[in-house]
Structure formats: C-alpha cells, structure tokens
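Please open the model in your viewer and follow the stops below in order.

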Amino acid sequence: MASNVMCAFDLWVAAGGQDPRWEALLLSTRNRRVLVQSQKLEGPGGSAEFVGRIRMLYEEAERRGLRERWPAFPAWTWAFGRGMAANGGKIDAVPQGADQVRGPGTTLLHAEELSFWDQAQSTMETALPALHPYGHLCAVTTPAAATYAARIRRGEIRHRG
C-alpha cells in the first residue's frame, strides 16, 4: 500500500502539485523531474514496474473524472519506464547505482525497497548531493536491521550540503 501511495505522490509532484511546505523551494510547477529508483530497472520489483503503476493510476484517474476535478492536470504520454507530461514534468525509472542520479534538476527521488539494495550506500552518497538544495528523497522500504536504510532512518546519516 505504501508503494502505491508513493506512486500517486510521484504523479502529483511531476504534474505540478504544490505543497505549501515546499513553496519556498520549488520555483515552478513546470518541468518537474521525478526518478523512481529500485534495485533493478526491469522485472518484478524493478523501477520500470513502478512507473507502470503510476501510468495505471493516471489512466484510472482519467476514467474516473480527473479532468472535472483538476482541469489543469497535464496530459501524459508513456513509454517503457518513462512518463512525460505536457507541462514538462517527467517520471523516469532508474536502477540503483552511483551513476544514476547526478547533477541538479531532480525534484523527487522515490527509492523503493532501499533496505534490499546491495549498492544502497554508494547510490545514496551520489544522489543526496544531487538533490541538494531543492530535491526531496522518499524511501519506501520494509524494515531491516543493520542496513544502510536503517542507519538513515535512525538519523545516523545526514547529507552535508
């Protein structure tokens, strides 16, 4: 359930959704970039599968009257592991790895099942500076003791940027 809620949040952010706590940080409702990252790109539990869930949520919302409730919600086009909104928002699937999230421009990084990544530390050590100062990280994971994700949760790991 948490993963599905996070997928809906990914869509909302990339579509230009505004959270008053982020207003000072987000300069525009356009050109949002959301990365969905998991241990692998393809197959069950792969990040492309989560982008597929986001697409399914979008298509179901359209069938249920999204346009009547949010007329300005952008239209989306979809490809394997990628969604592109008419307002410039993007959702991309990426696997774990130190070279996957680099440089500025990511609004939200959705890390799925971080406790199970074998490259969690190197991935996050590269991603966190790339998110600074405007990007956000949301990690969805099953609790697992003695993992890098558990150290983040306990506040032992902090980005200094």
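**From the sheet to the cores**

Helices (H or I, at least four residues) and strands (E, at least two) are DSSP runs numbered from the N terminus. This is a predicted model, in which local features need pLDDT of at least 70 and side-chain atom pairs count only at pLDDT 80 or more, while totals for chains, interfaces and linings use all residues. Residues are numbered from 1 along each chain as its sequence is written, and side-chain values use heavy atoms, with hydrogens and water left out.

Between them the chain passes through helix α4 (residues 120–131), in a right-handed β-α-β crossover (clockwise from the first strand over the helix to the second, with the strands pointing away from the viewer).

Next, display the whole open sheet, whose six strands follow the order β2-β3-β4-β1-β5-β6 with mixed pairing; two strands pair if DSSP finds at least two bridges between them. β2 and β6 are its edge strands.

Now select Phe 73. Leaving aside neighbours within four places in sequence, its contacts (heavy atoms within 4.5 Å) are Leu 11, Ala 15, Tyr 58, Leu 66 and Arg 67.

Which members of the largest nonpolar core touch the most other members? Of its 22 residues, they are Leu 11, Ile 54, Tyr 58, Phe 73, Trp 76 and Ile 91. Such a core is a set of buried Ala, Val, Leu, Ile, Met, Phe, Trp, Tyr and Cys residues joined through side-chain atoms within 4.5 Å, buried meaning under 20% relative accessible area with a 1.4 Å probe, protein chains only.

Note on methods: Buried means under 20% relative accessible area, exposed over 50%, partly exposed in between (1.4 Å probe, protein chains only).
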